[in-house]
Amino acid sequence: MTLLKGSTYLALMISSTLLFMMQPWVYSWLVPHFGGGAHLWAAVLVFFQWGVALAYLCAAWGFSRFSSRQLYLVFVALAGVAIWQLVDLLTLSPGVTSEVPNFGQVLGWLVQKVGAVTLLFAASPLLLQALWSKAGLQTPSRLYGWSNVICVVALVVYPVLVEPY
């Protein structure tokens, strides 16, 4: 049981940190390719906010309808798509064009390249909470609190430790 709790907190820490560090990283990666500007930051902001909202919506709908095994299989499938997107993202560049893409084009590119990754990182804490609840472990609200604390730490750490390098 201690191993389960320890691995749950570790997974929670990793997914929450990566979710909130990914937004500024993706934006800074896109600037040289798509040009800076308000439309780019707005598209990235909207994409990540809707990604988190979609993860919560899927969680609310799916956790009451699926068994623990089915939730696990959905999570593994989402992880597979996310890994494929990450490999694709790291091996391909969006390409430099002479025209600046509009808001919709940037959103479409984000969905195609990091949509599953965002859903995976946003849904992980929710999935862990649901599995803890279904297993009869302590109240999952403690995990929710830890997730929020880790997200705040990630927001503080990114500009200080990651962005300068």
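This is a predicted model: local features need pLDDT of at least 70, side-chain atom pairs count only at pLDDT 80 or more; totals for chains, interfaces and linings use all residues.
## Residue classes

Ala, Val, Leu, Ile, Met, Phe, Trp, Tyr, Cys and Pro count as nonpolar, Asp, Glu, Lys and Arg as charged, and the others, Gly among them, as polar.

## Overall fold

The chain has 5 helices and 0 strands, in the order α-α-α-α-α along the sequence. Of its 165 residues, 35% count as buried. Among contacts with a separation of 6 or more, 85% join residues 24 or more positions apart.

The chain exposes about 9,400 Å², and carbon and sulfur atoms supply 72% of that area.

The largest pocket has a volume of about 290 Å³. It is lined by 14 residues, of which Cys58, Ala59, Val74, Leu78 and Ala123 are the closest to its centre. Helix 2 (38-62), helix 3 (68-91) and helix 4 each give two or more residues to this lining, and the largest share, 5 residues, comes from helix 2. The lining has 13 nonpolar residues, 1 polar residue and no charged ones.

The second largest pocket has a volume of about 240 Å³. Of its 14 lining residues, Ala11, Ser15, Phe75, Ser124 and Leu128 are the closest to the centre. Helix 4 gives the most to this lining, with 6 residues. By class, the lining has 11 nonpolar, 3 polar and no charged residues.

## Thr118 in helix 4

Thr118 lies in helix 4 (residues 103-135). Is Thr118 buried or exposed? Thr118 counts as buried because its relative accessibility is 1%, and the cut-off for buried is under 20%.

A polar atom of the Thr118 side chain lies 2.8 Å from the backbone oxygen of Val114. Beyond its neighbours within four places in sequence, Thr118 is in contact with Leu19, Met22, Phe47, Phe48 and Gly51.

How values were computed
Residues are numbered from 1 along each chain as its sequence is written. Side-chain values use heavy atoms; hydrogens and water are left out. Helices (H or I, at least four residues) and strands (E, at least two) are DSSP runs, numbered from the N terminus. Buried means under 20% relative accessible area, exposed over 50%, partly exposed in between (1.4 Å probe, protein chains only). Contact means heavy atoms within 4.5 Å. Accessible areas come from the Shrake-Rupley method with a 1.4 Å probe; for residues, only the protein chains shown count as cover. A polar contact is a pair of N or O atoms within 3.5 Å; within protein, one must be able to donate a hydrogen and the other to accept it, and residues adjacent in sequence count only if both atoms are side-chain atoms. On a 1 Å grid over the protein atoms alone, a cavity is a set of points where a 1.4 Å probe fits but cannot get out, and a pocket is an open set with protein on both sides within 12 Å along at least five of seven lines; lining residues have an atom within 4 Å of a point. Grid points are joined across faces, edges and corners, and a volume is the space filled by probe spheres set on the points.
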